[in-house]
Amino acid sequence: MAAPTINASTPATTPAGATTITMAKALNQGIRAAMEANPKVIVMGEDVGKLGGVFRITDGLQKDFGEQRVLDTPLAESGIIGTAVGLAIRGFRPVCEIQFDGFVFPAFDQIVSQVAKLHYRSQGKVKVPIVIRIPFGGGIGAVEHHSESPESYFAHTAGLKVVSCSNPVDAYWMIQQAVECDDPVVFFEPKGRYYEKAVLDTSVAPPPLFSTRVLRPGTHATLASYGPSIRTCLAAANAAATDGIELEVIDLRTLSPLDLPPVFDSVRRTGHLVVVSESPSESSITSEVAARVQQECFYSLEAPVLRVNGFDTPYPPTKLEDEFLPDLDRVLHAVDRSLAW
Amino acid sequence: MSSAEHWTPDRPAGPPSATAATPTTEQVIAGLRATSEGGADLVQLLTPEGERVTHPDFDIDISPEELRSLYRDMVLVRRADREANALQRQGQLGIWVPLLGQEAAQVGAGRAMRPLDMAFPSYREHGVAWCRGIPPQDLLGIFRTTDHGTWDPIATRFNLYTIVIGNQVLNAAGYAMGQRFEGKVGDDDGEATICFFGDGATSQGDVHEGFVWSAVYDAPLVLFCQNNQWAISEPTERQSRLPLYQRARGYGFPGIRVDGNDVLACLAVTRWALDECRHGNGPVLIEAFTYRMDAHTTTDDPTRYRLSDEVEAWKLKDPIERVRVHLSRNGLADSAFFDQIQAESDALAADLREFCVNMPDPGPERIFSNVYAEPSPVLDAQRDEYLEYVSGFEGSEH
């Protein structure tokens with residue numbers, strides 16, 4: 001496995017054709033490339049046009065592609081998704097932005113009742129190639145409803161695919177792959193990592209969208225995570241290495257469908273698994289990973305699968321979010337518990 | 001055909017005249033009662049007694065042949081509806097959603113559509129389906145619970161039934177926006193979309209949002225509300241103080257109330273509205289003022305919430321009878337014609353019954369099919385595991 005380039009500081013030498021880029025810019029370039037590749041791709045959302053989105057992910061797209069391909073929509077999330085369904089039936093490929101994680105719920109009905117079920121209901125006669133981009137997760141000191149991790153609701157819904165990028169390189173490729181996918185994809189972007197940088201070399205082909213990747217090889221225990229917590233896990237692995245403990249770090253990348261064979265392979269080698277996510281733990285992605293790993297790797301496990309999540313509470317006032325969010329110490333504490341089991 | 005002003009209620013501007021006493025709040029509300037028929041605002045071209053009348057904004061030039069054909073459609077649609085209702089009573093369908101009483105609204109609107117126009121139904125639009133060339137047989141699977149709809153929404157330009165109340169209004173707005181974005185709007189060759197929903201749906205947020213979206217994007221969308229007076233047990237007053245067609249004004253587009261039991265008026269108004277939309281003047285709201293003569297569904301018992309007097313009064317406004325009377329009285333159809341339609345409807349009912357009782361049950365593999373457009377190894381594995389489990393019972397008693 002090649003050394004990961006994510007979240008690394010700019011290397012002294014940059015490969016020809018490669019650029020150092022933030023995740024925000026990588027997403028912007030990825031969406032731009034998707035729009036250039038297919039005139040049926042349109043961008044919809046609140047403030048995505050003139051303003052370029054509150055996080056500037058769609059910056060400059062309306063200027064270059066026009067108001068019929070980058071729509072500043074009325075302020076109504078169900079409307080964004082509900083009209084995207086009609087546009088998809090018409091043959092468009094809408095890329096919808098939900099401004100913040102906590103604002104997706106007015107659209108939940110359309111997502112669950114129409115987006116997820118239309119292909120099944122029509123027995124394949126109607127495709128719904130919609131991408132629903134949701135900036136998610138905490139760590140930005142925001143007010144209520146701006147720091148949530150609602151991915152489990154969507155992973156629970158058959159008919160949807162759910163992915164999350166953890167770094168600029170994945171962001172650039174995964175958003176394009178999501179647009180090309182004929183199924184609806186809920187695309188979770190770790191907003192707290194939007195301005196972190198990495199080297200993007202577009203001459204290197206990306207892995208498939210719905211695939212899990214080992215980011216750092218290790219032998220003593222496995223950390224599996226996704227989105228904003230990947231950086232935390234890599235930092236934990238660096239810290240553990242100074243104590244001679246080698247942690248394998250796995251970026252799930254795809255939350256539905258899960259691609260767990262790389263996790264099974266890893267756990268069969270390490271015997272220890274800690275699953276990390278900012279979302280509350282109950283009935284979450286981490287529960288699902290734990291359940292599947294105990295079923296597949298029962299005799300390889302040296303300890304129960306442990307989880308480090310946000311607590312089973314509403315997202316707290318953000319003066320307390322450093323307590324709520326899994327951090328390096330909580331991850332290492334779980335690793336210690338597992339290894340000492 | 002119509003002036004742009006017709007939708008502006010012809011009421012004096014400004015405060016009440018000095019001679020009139022200022023109305024009380026109760027009087028204002030009473031004057032706006034959602035269930036009043038709308039008086040002069042109700043577009044009607046054929047009275048319940050079968051008399052052809054004119055309307056200053058809407059009229060229609062219709063041949064005897066076309067009138068007979070509208071009559072035929074309504075009779076066949078009603079016959080299929082009654083047969084399906086009976087099939088449910090006999091245990092052949094899990095549930096049926098009757099359209100009895102709404103034949104004129106649906107056939108009028110459905111026949112106003114051109115081949116490239118798109119329709120988004122709710123779940124009672126059996127008459128519109130008929131007009132789109134979808135035979136009633138194709139509707140049965142939903143109600144025999146063998147499928148969720150078998151017709152091709154793209155090829156027929158008739159979306160699958162939408163059961164979540166109001167969802168389809170946003171879907172239709174999006175589709176109509178797409179027609180505009182593709183440059184298919186703006187002249188007489190343009191395309192338009194029509195969306196069907198009921199009086200109950202008008203309380204849904206999605207319907208409000210659909211009105212907003214279609215308005216701000218100038219979408220070529222006809223919003224066709226069949227006000228059949230009842231949302232299961234709740235009367236229209238529970239949904240609105242204002243006659244529903246008047247809501248359009250707040251969104252900035254025309255709203256027209258049509259006699260929903262008058263197939264000519266429904267055809268004329270919907271044809272006009274679709275033409276407005278294809279020329280780029282959409283959206284338009286139509287409130288077809290009609291009545292649900294039967295239960296909400298076969299699981300419902302309307303005697304618990306409405307008086308038979310009301311039903312009896314609406315029987316006198318029957319959508320089919322008025323056309324029959326008009327055809328007979330004016331010598332536009334003879335008894336041989338009516339006999340022929342009767343025979344045709346009996347044959348349709350027999351075919352429908354035959355088809356229904358012979359419908360195969362889906363196999364368990366259907367559970368897993370087409371969840372995703374792209375291959376799904378995870379579901380394939382789940383399916384294979386289940387089918388293997390099921391196959392273990394082959395030859396056993398259970």
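This is a predicted model: local features need pLDDT of at least 70, side-chain atom pairs count only at pLDDT 80 or more; totals for chains, interfaces and linings use all residues.
Chain A is divided by its domain assignment into domain 1, which covers residues 18-201, and domain 2, which covers residues 213-339. The centres of domain 1 and domain 2 of chain A, taken over C-alpha atoms, are separated by 26 Å. Between these domains of chain A there is a contact in which 22 residues of domain 1 meet 22 residues of domain 2. On the side that belongs to domain 1 of chain A, the elements giving two or more residues are α6 (151-155), β6 (161-164) and β7 (185-190) of chain A, and of these β6(A) gives the most, with four residues. By class, that side of domain 1 of chain A, where it touches domain 2 of chain A, is made of seven nonpolar, 10 polar and five charged residues.

A sheet of chain A comes next. Its five strands form an open sheet with mixed pairing, in the order β9-β11-β10-β13-β14 (chain A). At the edges of this sheet stand β9 (213-216) and β14 (306-310) of chain A, and because each has a single partner strand, one side of each is left without a neighbour in the sheet. From one strand to the next the twist averages 25°.

Helix α8(A) touches β9, β10 (221-225), β11 and β13 (273-280) of chain A, and its direction makes about 170° with that of β11(A). Helix α12(A) touches β10, β11, β13 and β14 of chain A, and its direction makes about 160° with that of β14(A).

How do these two helices stand to each other? The axes of helix α8 (residues 229-241) and helix α12 (residues 328-339) of chain A come within 9 Å and cross at roughly 60°, and α8(A) and α12(A) are therefore oblique to each other. Their crossing is right-handed. From α8(A) the contact takes A:Thr232, A:Cys233, A:Ala235, A:Ala236, A:Ala239 and A:Ala240, which meet A:Leu328, A:Val331, A:Leu332 and A:Val335 in α12(A). The residues of this contact of α8(A) with α12(A) divide into nine nonpolar, one polar and no charged.

In chain B, six strands form an open sheet with parallel pairing, and their order is β1-β7-β8-β4-β3-β2 (chain B). The edge strands are β1 (42-43) and β2 (118-120) of chain B, each of which pairs on one side only. Strand β1(B) is joined by two bridges to strand β7 (residues 255-259) of chain B, with the two running parallel, and B:Val43 stands opposite B:Val258 in β7(B).

Helices also pack on the sheet of chain B. Helix α7(B) lies across β2, β3 (193-198) and β4 (221-227) of chain B, and runs at about 170° to β3(B). Helix α10 (residues 263-278) of chain B touches β1, β3, β4, β7 and β8 (284-289) of chain B, its direction making about 170° with that of β8(B).

Another packing in chain B joins helix α2 (residues 64-89) and helix α12 (residues 319-329), which pack at an angle of about 145° with their axes 10 Å apart. The crossing of α2(B) and α12(B) is left-handed. Among the residues that make this contact are B:Leu67, B:Tyr71 and B:Met74 of α2(B), together with B:Ile320, B:Val323 and B:Leu327 of α12(B). The residues of the contact of α2(B) with α12(B) divide into nine nonpolar, no polar and three charged.

Finally, the two chains meet, with 33 residues of chain B in contact with 33 residues of chain A. On the side of chain B, α6 (153-156), α7 (167-181) and α8 (205-216) each supply at least two residues, and the largest share, 11 residues, comes from α7(B), the helix that also lies across β2, β3 and β4 of chain B. By class, the side of chain B that touches chain A has 17 nonpolar, 12 polar and four charged residues.

Terms used. Residues are numbered from 1 along each chain as its sequence is written. Chains are lettered from A and ligands numbered from 1 in the order in which they are written. Axes are lines fitted to C-alpha atoms, for helices over the stretch in contact, and angles run from 0 to 180 degrees between N-to-C directions. A crossing is left-handed if the near helix is turned anticlockwise from the far one by less than a right angle, and right-handed if clockwise. Two residues are in contact if their C-beta atoms, placed from the backbone, lie within 7 Å. Ala, Val, Leu, Ile, Met, Phe, Trp, Tyr, Cys and Pro count as nonpolar, Asp, Glu, Lys and Arg as charged, and the others, Gly among them, as polar. Angles under 35 degrees count as roughly parallel, over 145 as roughly antiparallel, 65 to 115 as roughly perpendicular and the rest as oblique. Two strands pair if DSSP finds at least two bridges between them. Domain bounds come from an automatic or database domain assignment.
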